[in-house]
Amino acid sequence: METLNTDISNYRNLLKHYIEIRDEQSLYGAEQLSKMFIKNNVPPEEIVNLHIQALEELYPDVPEYFRHSMNFLVEIMITYGIAYQENYSLREEQSQLKSEIAVAANMQETLLATTKPETEDLDIGVVSAPANQMSGDYYHFLEGKDNSIGIAIADVIGKGIPAALCMSMIKYSMDSLPEATMSPKTILKNLNRVVERNVDAGMFITMFYIQYLPAKNKIRYASAGHEPGFYYNAETKTFEEIKAKGLVLGVSPDADYREYERTINKGDMVVLLTDGVTECKQGDRFIETEEVLEVIEQYSDLPAQEMVNKVYKHFERMQNFQFRDDFTLLVFKKEV
Amino acid sequence: MDLQSCVKIEKEWDIVKARQLGRDISREIGFGTVDQARIATAISELARNVYLYADSGEICFEQTDSLEKKGLTIISTDTGPGIQNISQIMDDGYSTSGGLGAGLPGVKRLVDQFDIQSEEGKGTEVIALKWLR
Amino acid sequence: MDLKIDITEGIGKSTVKLFGEIDAYTAPQLKEKLLPLTKIERNQVEVNLENVHYMDSTGLGVFISALKSTKENNSELRLVDLQDRVLRLFRITGLDEIITIDTAIRGGNN
């Protein structure tokens with residue numbers, strides 16, 4: 001409040017000038033002053049008081065009724081001022097929270113980091129973007145001694161911080177799997193037990209696990225209630241849904257998973273995604289699956305990473321750069 | 001002004017009586033219009049808590065003198081339900097709830113020193129001090 | 001978007017009619033209303049979803065909680081009249097195999 005004295009004379013001079021000349025320049029000065037009050041966190045009742053003081057200095061014969069009315073205004077402003085200060089401190093708190101979450105999001109990125117396998121066989125592209133700062137989507141690569149490649153894509157119920165916390169658990173369970181060459185159904189069964197033991201009722205995770213077996217030119221996969229992926233047949237240039245049925249992780253302790261297998265040929269492509277992709281909206285309308293596939297096909301000649309980037313950019317724009325849910329899209333093409 | 005002056009809070013009208021007494025005393029001490037208004041608002045919040053949530057209670061005032069300054073101390077005591085989680089109600093986000101203690105963060109903002117003690121089932125005591133600038 | 005919850009309670013049976021969207025914002029209200037019904041011993045709880053056009057995974061979470069509660073309290077949970085989009089969600093997640101879903105009225109699209 002040391003600035004108050006200069007404020008008074010400032011305010012008084014400006015007010016005097018305005019009352020005498022009523023020019024735009026003094027009003028511009030008022031605007032500047034107002035910004036300075038905000039910057040110095042001057043409460044509104046203090047400003048009204050400043051006005052009273054300035055007025056009394058300029059016009060000592062201010063009518064009594066007018067003086068009373070200004071005191072009335074001071075009284076009105078007190079509670080208003082409290083609310084203003086409260087908002088101010090909530091804003092501070094909010095920016096503190098935001099930076100804490102930014103740190104957590106960074107940590108999450110480090111925690112959940114996985115390395116794309118270096119292989120001649122597959123061209124892999126993946127993009128994963130949280131709706132807010134932290135993600136409840138997850139993908140993970142496992143490389144087996146037999147050169148098999150395992151790919152997991154998962155989505156935890158809800159989004160944001162609770163979802164992110166839950167996802168760390170999956171990461172550690174996957175890291176502690178005894179062997180990367182385990183079959184998809186065994187991996188899901190294992191994870192289901194961990195999740196079921198560690199989450200509240202009503203919490204669950206969906207996961208699709210797919211394994212590429214280079215020696216056999218085959219893929220085998222199993223799904224724990226995950227959004228179905230798509231298989232692109234290069235020869236017929238058509239997509240088909242990868243049907244796999246299984247219960248979400250974390251609901252029933254003794255869930256069993258069915259495993260499926262199919263041959264994969266050169267040029268064929270597998271598309272895995274989370275519901276953040278399929279639940280994109282155009283205006284008020286949910287987009288149809290075919291529309292997702294059309295966009296993917298449009299870029300299917302590009303290298304996998306470029307392709308998913310383009311598809312992501314397409315939907316990002318369609319959603320006005322604000323996704324409702326975490327968005328993960330993973331594509332791999334068989335190169336040989 | 002060495003003695004405490006108190007107002008018992010039983011009816012809503014008593015809130016106005018407490019404000020009036022607090023304002024008179026703060027004027028005598030020498031507080032300006034804005035600080036008088038702040039003190040009155042703080043008294044309102046404290047008295048309203050007593051009126052709405054406690055069986056009985058009172059608001060007392062005393063002049064406080066230190067070596068170089070003087071001020072007004074407002075003491076609110078009641079035999080109400082008490083406040084279980086003081087840090088929760090002193091949190092800014094809580095004030096919109098309108099429940100018991102909702103106005104207390106505001107009171108804290110309006111004065112220079114603020115202290116609260118509460119025991120569940122027994123009652124609450126709030127001491128608020130405003131120095132004359 | 002809001003969710004309206006109409007509950008009719010009979011003897012040994014409760015019917016819950018829902019109108020609107022079930023998402024992260026409305027799911028807590030639904031949970032608050034639905035769970036107590038499943039806690040009544042031997043109660044048959046029927047949830048009509050005819051007027052629910054959108055549901056996300058948090059909505060599924062509420063029904064999983066309700067299902068677990070029916071197991072503890074010998075009550076029953078039955079979902080009827082699901083919109084195709086909502087039904088698809090139960091099918092994908094495999095929850096249609098552990099929750100009783102009556103599609104006879106709408107037929108659904110298999």
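The chat below takes up the chains and a few of their residues.

A: This is a predicted model, so local features need pLDDT of at least 70, side-chain atom pairs count only at pLDDT 80 or more, and totals for chains, interfaces and linings use all residues. Residues are numbered from 1 along each chain as its sequence is written, chains are lettered from A and ligands numbered from 1 in the order in which they are written, and side-chain values use heavy atoms, leaving out hydrogens and water.

Q: Ok. What does the secondary structure of chain C come to?
A: Chain C has three helices and five strands. Helices (H or I, at least four residues) and strands (E, at least two) are DSSP runs, numbered from the N terminus.

Q: And in what order do the elements of chain C run?
A: From the N terminus on, the order is β-β-α-β-α-β-α-β. The radius of gyration of chain C is 13 Å, close to the 13 Å that the globule rule gives for 110 residues, so chain C is as compact as a globular protein of that length. The radius is taken over C-alpha atoms, and the rule is 2.2 Å times the number of residues to the power 0.38.

Q: What does its C-alpha trace span?
A: About 35 × 30 × 20 Å along the principal axes of chain C.

Q: How many of the 110 residues in chain C are buried?
A: Buried residues make up 52% of them. Buried means under 20% relative accessible area, exposed means over 50%, and partly exposed is in between (1.4 Å probe, protein chains only).

Q: Which residues of α3(C) are buried, then?
A: They are C:Val86, C:Leu87, C:Leu89, C:Phe90 and C:Ile92.

Q: What covers them?
A: The cover includes β3 (44-55), α2 (57-73), β4 and β5 (100-102) of chain C. After α3(C) comes C:Gly94, with a positive phi near 75 degrees.

Q: Which residue other than glycine has a positive phi near 60 degrees?
A: C:Asp81 has that value. C:Asp81 sits in the loop between β4 (76-80) and α3 (84-92) of chain C.

Q: Is C:Asp81 buried or exposed?
A: C:Asp81 counts as buried, at 7% relative accessibility.

Q: Switching to chain A: where is A:Lys237 found?
A: A:Lys237 is in the loop between β6 (230-233) and β7 (238-241) of chain A. A:Lys237 is not a glycine, yet its phi is positive, about 50 degrees.

Q: Buried or exposed, for A:Lys237?
A: A:Lys237 is exposed, with a relative accessible area of 54%.

Q: How is chain A divided?
A: Into domain 1 (2-92) and domain 2 (114-334); the bounds come from an automatic or database domain assignment. The C-alpha centres of these two domains of chain A lie 60 Å apart.

Q: Which chains share the most contacts?
A: Of the two pairs of chains in contact, chains A and C do. Contact means heavy atoms within 4.5 Å. Chain B and chain C do not touch, and their nearest C-alpha atoms are 19 Å apart.

Q: Last one, on chain B: where is the place of B:Gly30?
A: B:Gly30 is in the loop between α1 (12-29) and α2 (33-53) of chain B. B:Gly30 is partly exposed, at 43% relative accessible area. B:Gly30 and B:Leu132 are 102 residues apart in sequence, and 7.3 Å apart in space, C-alpha to C-alpha.
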